[in-house]
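Please keep the sequence and the structure in view while reading.

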Amino acid sequence: MGREVNLLVNYPQSKRNVKERGASKTEADRKIAREFGEDFFDGDRKHGYGGFMYHPRFWENVIPTFQKFYGLTSNHSILDVGCGKGFMLYDFRRLIPEIKVKGVDVSTYAIENGMEPIQESLTVGDARQLNFEDNSFDCVISINTVHNLDKDECAKALQEIERVSKKHSFITVDAYRNDYEKEMMYHWNLTAKTILHVDEWKAFFKEIGYTGDYYWFIP
């Protein structure tokens, strides 16, 4: 199995009140959010991001962490599974010129409204059935995406990430380490269908044959 490593250590942390967020969210809000359409990205905050716009402060300090950890250069290729509008891939290309990037997302809205400089590299796709050959990418990344699937489907997505990666992969998933974190996680959650204790995730990775690296989203 891969390494537990926080490659998002330099990503800005949210300052939102977790319990307040949980109290204000309804199952109707979660249903709308899980459509991953305009309402999720650029609609009311209760349905998602409340305006999903690029700002370099999010990924500019994260890309060098990935670059150093995996030894990435302009000769390598990256796939982002759950790429949204392509912000991370845009900064990969900006900070590592000529690196090859591809992004897939289930959201037609996100892809159609992707960042223009890399829009040709973004496509609508299903994490459970990636439309790429085996060993297509030097590094496959999926941030807070595969947990949006039911557990069996999550397994398929992780196996697909394993299949299309030549060597490296990194994912983050919703998780908890104790009862308090579990409570906060369920307050925070809007779209995830699979939320597990960190030890359960590790056992799951081993069971389904995911050998890539991983870390947790814990609000």
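## Packing of H8 and H10

The axes of helix H8 (residues 151–164) and helix H10 (residues 198–208) come within 10 Å of each other and cross at roughly 60°, so H8 is oblique to H10. The crossing of these two helices is right-handed. The model is a predicted one, and these values should be read accordingly.

On the H8 side, Lys151, Cys154, Ala155, Leu158 and Gln159 take part in the contact, and they meet Trp201, Phe204, Phe205 and Ile208 of H10. By residue class, the contact of H8 with H10 divides into seven nonpolar residues, one polar and one charged.

## Nonpolar cores

The largest nonpolar core has 34 residues, of which Trp59, Phe66, Leu72, Ile78, Phe92, Ile141 and Phe170 touch the most other members. Two or more residues of this core come from each of helix H3 (38–42), helix H5 (63–70), helix H6 (87–95), helix H7 (108–112) and strand E4 (137–143), and H6 gives the most, with four residues.

Leaving aside residues up to four places away in sequence, Phe92 touches Ile63, Phe66, Leu72, Ile78, Ile99, Val101 and Ile141. Another core, of 28 residues, lies apart from the largest one and includes Cys154, Ile161, Ala175 and Ile208.

## The loop residue His55

His55 is found in the loop between H3 and helix H4 (56–59), and it is partly exposed because its relative accessible area is 39%. The C-alpha atoms of His55 and Glu200 are separated by 34 Å, the two residues being 145 residues apart along the chain.

Terms used:
Residues numbered from 1 in each chain as written. Predicted model: local features only at pLDDT ≥ 70, side-chain atom pairs only at ≥ 80, totals over all residues. Heavy atoms only, no water. Core = buried A, V, L, I, M, F, W, Y, C linked by side-chain atoms within 4.5 Å. Buried < 20%, exposed > 50% of the residue type's maximum accessible area, 1.4 Å probe, protein only. Contact = heavy atoms within 4.5 Å. Axes fitted to C-alpha atoms, helices over the stretch in contact; angles between N-to-C directions. Parallel < 35°, antiparallel > 145°, perpendicular 65-115°, else oblique. Left-handed = near helix turned anticlockwise from the far one by under 90°. Nonpolar A, V, L, I, M, F, W, Y, C, P; charged D, E, K, R; others polar.
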